[in-house]
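Trainee: I would like to go through the metal sites and the ligand shell of this model. Can we take them one at a time?

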Amino acid sequence: MQPPAERFQGQSAEEQLRKLAMVVEQSPSSIIITNTEPTIEYVNQAFLDATGYSADEVIGKNPSILNQGLTSPETYADLWATLARGEIWKGEFRNTRKDGTPYLEMATIAPIRESDGEITHYVAIKSDITDLRRSQSRVHELANYDDLTGLANRSSLTVCVEQAAASCRQSGRYGMLIVLDVDGFKTINDRHGYQSGDELLKSIADRLKEMLDDGAAIGRIGGNRFAIVVENLSRKRDRAIAQAHDLTEFIHDELKSPHHIVLARHPIRLSNTMGAALITPLTEQAQRLLNQAEIALQRAREDARNSWCFFNPAMQSLIESQSELEGELHKALEKDQLALFCQSQFDADGRLTGAEGMVRWRHSERGDISPEQFIPLAEETGQILPIGAWVLEAACSKLQEWSQNPLTADLQLAVNVSARQFHQPNFLQILLEALYRFDISPGRLKLELTETVVLKDIEQTEQRMLAIRDLGIGLALDDFGTGFSSLSYLKNLPFDTLKIDRSFVSDMVSTQSSAAIVQATIAMGHALGLTVIAEGVESHEEWNMLKQFDCDAFQGYLFARPQAADQWMPTHFQVQESIQNPRSG
Ligand code: C2E
Ligand code: MG
Ligand code: MG
C-alpha cells in the first residue's frame, strides 16, 4: 500500500494529519475506531448524531453498547471470523440508539495494520439505511401486494401458484386455485360510493383471511376479483375435487352474510361467483392455470344456476376454437366472406313493410356461421367496428337499390347495431356519410339497439339517440323483455319501435304468463306511442294471438326466413284461406 504522505502533494506531515483528522471527523458516515479488545477509542460527530450518545459515554466501551439483541449472533460470529482472517467485513446491524429507537446500519469493518503487518485496530464505517430499507420494502410491497387489502397482487399470486405446483409435484397432493368475483360490484360502488366499495373489498379480504388457514395464499388480482391458492388436498383426484367443492361452497356462503361498512347506511349483502382449477403434479405454468380458473369463472357466470364451476379440458378446447375463430374473423372482411341477409316484416294483413338486415359469415370451410357466434367475439376484439360499418354500408346500398323500384321504394330496412359500434365516437358521422353517399331518405333506415347498448352510458346514449332521431332515422329496441329494466328506457329514450323478443312469442301459446306479458307489452308500447313488432313468429296460432293483442307488425319463419339480400324478393304474405284473420273476420 502507498504511504499517505506520497498521495498528499507538498504538504507538511502536520498539515497532512490535520486534514485527515478533519475528513474523518466531518465524514457523513459514522466512523468508529476500536482496538482489538475491542474497546472504542474514537467516534466521529456523525456517530454521535446517529446514536444520541456523547463521546464520554462511548469511549472506552465495547461497541456492543449499541446492540440490544436485535442483530443475530450469526452476524457477529461471521464478523469476528472475517476480521480474524484479516479480511474486511461488510454487513448490516440492527442497532439501538440511546433513546431506545432501533435503526438499521450498513457497516464496513476493516482491520488496521501497523507497518509490520500486525493488526492493532479496527475501523468501522457505517451509515443509517433505515429509510432506504423502508422505501425498498415499500417498493417491494407495492410490487407484490395490493395496496388496498394488503393481499398478494396478481404477479405475486402467480408466484404462489408456481410454489403450490412445485409442492404438489413433491408431495403428490392436489391443490386448487380459485378465482372469485364479487357480483354486481359496480352497482354497489354506484349506490354506496367508491369509499364504501373500497371498505367492502377490505372486508371481503379480511373475511377470506379469517376463514382460510395460513396454508392458503390469497390475492386480489383485479378490481373485484380475488384469487385463492389452496395446497395439501388429497392425493386422490376424486377426493381432492370433493374437498375443493366443499371449500368453494363454504367460501361462497361465508362471504354472503352481511358486511358492515361504516359509510354505508345498511349492511351490504353480496353474492359471488367462482371458477376453480385443480393444481396437479402436471401443472407447469401458473399463468395457464389462472387462465383456466378464469375460464371456469366465466362459465359459472353464464350459468345462472351455479355460483361456481370447475375447469374441465372441454372448456379449453372451446376457448381455443374461439381464438381460432377470432384469428379468422380478421380475414373475413378481406376475403369478402360477409353477407347481408334480409328477413321480411309484415303488417297484420300480411303486407310487406320492410325487412331486418342481418349479417352472415360465409366461412369457406365451416359453412355459414351465425352472428350469435361471432358478433359477441367481434364486440370483444373491436372487430365489430369494421364489421358494423360493412353491414351499414351493405344495408344502405340495398336501400338505394330499393328506392329505384316502386315495389320497394317505401320499405324500411333495419340494421342491428351493437354497443361498441353505437358508442364509437364517430358513429353519427359514419351514419351521415352512409346516408349521403347512397343518397337515401333517412326515414327508410332503422337501427335496432339492444339493452346492452342503452345500458352503457345512459346520458351519451340519450343524446346520441336524439341526434339520430332528429336525422329522421328510426330506432327500435330489440329483444324487448330479455333484460331487466326495459320499461324505464322505453319511457325516457326516443325509440319509435319495440320488438318483442322471440322467446316470449314462442312460449305464448303454451304458457299463459308469457301470453299475458306479450299482451301487456303491446298495450304499454301503444300507450307510449310506439309501434310494436313481434319477432320469431313461427305459427299461425302465434300470429293470430298477436293480432288479437293488437300487435302492429310481424317477423318470423312463418312468413319468411332470412334470405341472402341479393336473392330477397318483395313478396306479400298470402294468408291461407282456412285460417281466419280475426281483424278481417
Ligand atoms: P336479432 O336481431 O334478434 O335477430 C333475429 C334473429 O332471430 C335472427 O338470427 C333471425 O334469423 C332469427 N329468427 C328470425 N325469425 C325467426 C323465427 O321465426 N324463429 C327463430 N327460431 N328464429 C328466428 P340471427 O341472424 O342468427 O341473428 C342473431 C342475432 O345476431 C340477432 O338477433 C342480432 O342480435 C345479431 N346480429 C345479426 N346481424 C347483426 C349485425 O349485422 N350486427 C350486429 N351488431 N348484430 C347482428
Ligand atoms: Mg335485431
Ligand atoms: Mg331480436
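Trainee: How are the donor residues of the magnesium ion (ligand 2) spaced in sequence?

Mentor: This is a predicted model, and the spacing is read from its coordinates. The magnesium ion (ligand 2) is coordinated by E356 (OE), N416 (OD1), E448 (OE) and D478 (OD), at 2.0 to 2.2 Å. Written along the sequence, these donor residues give E-x59-N-x31-E-x29-D.

Trainee: How many residues apart are E356 and D478, and in which strands do they lie?

Mentor: Both E356 and D478 coordinate the magnesium ion (ligand 2). The pair links distant parts of the chain. E356 is in strand β12 and D478 in strand β16, a separation of 122 residues.

Trainee: Why does the pair D478 and E535 tie together separate parts of the sequence?

Mentor: D478 lies in strand β16 and E535 in the loop between β18 (531–534) and α22 (540–548), so the parts tied together are 57 residues apart in sequence.

Trainee: Which residue bridges the magnesium ion (ligand 2) and the magnesium ion (ligand 3)?

Mentor: The two magnesium ions lie 4.0 Å apart.

Trainee: How much of the area of ligand 1 does the protein bury?

Mentor: Start with the polar contacts. An oxygen atom of ligand 1 is 2.9 Å from an N or O atom in the side chain of E356, and a polar side-chain atom of D478 lies 2.8 Å from an oxygen atom of ligand 1. For the side chain of R502, the distance from an N or O atom to an oxygen atom of ligand 1 is 2.6 Å. Taken alone, ligand 1 exposes 790 Å², and the share of this that the protein buries is 88%.

Trainee: Which element gives the largest share of the shell around ligand 1?

Mentor: Ligand 1 takes up the space of the largest pocket. Two or more residues of its shell come from each of β12 (352–363), α13 (371–381) and β16 (474–480). The largest share is four residues, and the element giving them is β12.

Trainee: How many nonpolar, polar and charged residues does the shell around ligand 1 have?

Mentor: The shell is made up of 23 residues, with Q343, D478, R502, E538 and Y557 as the closest. Sorted by class, it has eight nonpolar, six polar and nine charged residues.

Trainee: Where is the cis peptide bond that ends at P38 placed?

Mentor: The peptide bond from E37 to P38 is cis, with omega near 15°. P38 has its place in the loop between β1 (30–35) and β2 (40–43).

Key
Residues are numbered from 1 along each chain as its sequence is written. Chains are lettered from A and ligands numbered from 1 in the order in which they are written. This is a predicted model: local features need pLDDT of at least 70, side-chain atom pairs count only at pLDDT 80 or more; totals for chains, interfaces and linings use all residues. Side-chain values use heavy atoms; hydrogens and water are left out. A residue is near a molecule or strand if one of its heavy atoms lies within 4 Å of it. A polar contact is a pair of N or O atoms within 3.5 Å; within protein, one must be able to donate a hydrogen and the other to accept it, and residues adjacent in sequence count only if both atoms are side-chain atoms. Accessible areas come from the Shrake-Rupley method with a 1.4 Å probe; for residues, only the protein chains shown count as cover. On a 1 Å grid over the protein atoms alone, a cavity is a set of points where a 1.4 Å probe fits but cannot get out, and a pocket is an open set with protein on both sides within 12 Å along at least five of seven lines; lining residues have an atom within 4 Å of a point. A molecule sits in a cavity or pocket if more than half of its atoms lie within 2 Å of its grid points. Ala, Val, Leu, Ile, Met, Phe, Trp, Tyr, Cys and Pro count as nonpolar, Asp, Glu, Lys and Arg as charged, and the others, Gly among them, as polar. Donors are N, O and S atoms within 2.8 Å of the metal (3.2 Å for Na, K and Ca); water is not among the atoms, so sites may look incomplete.
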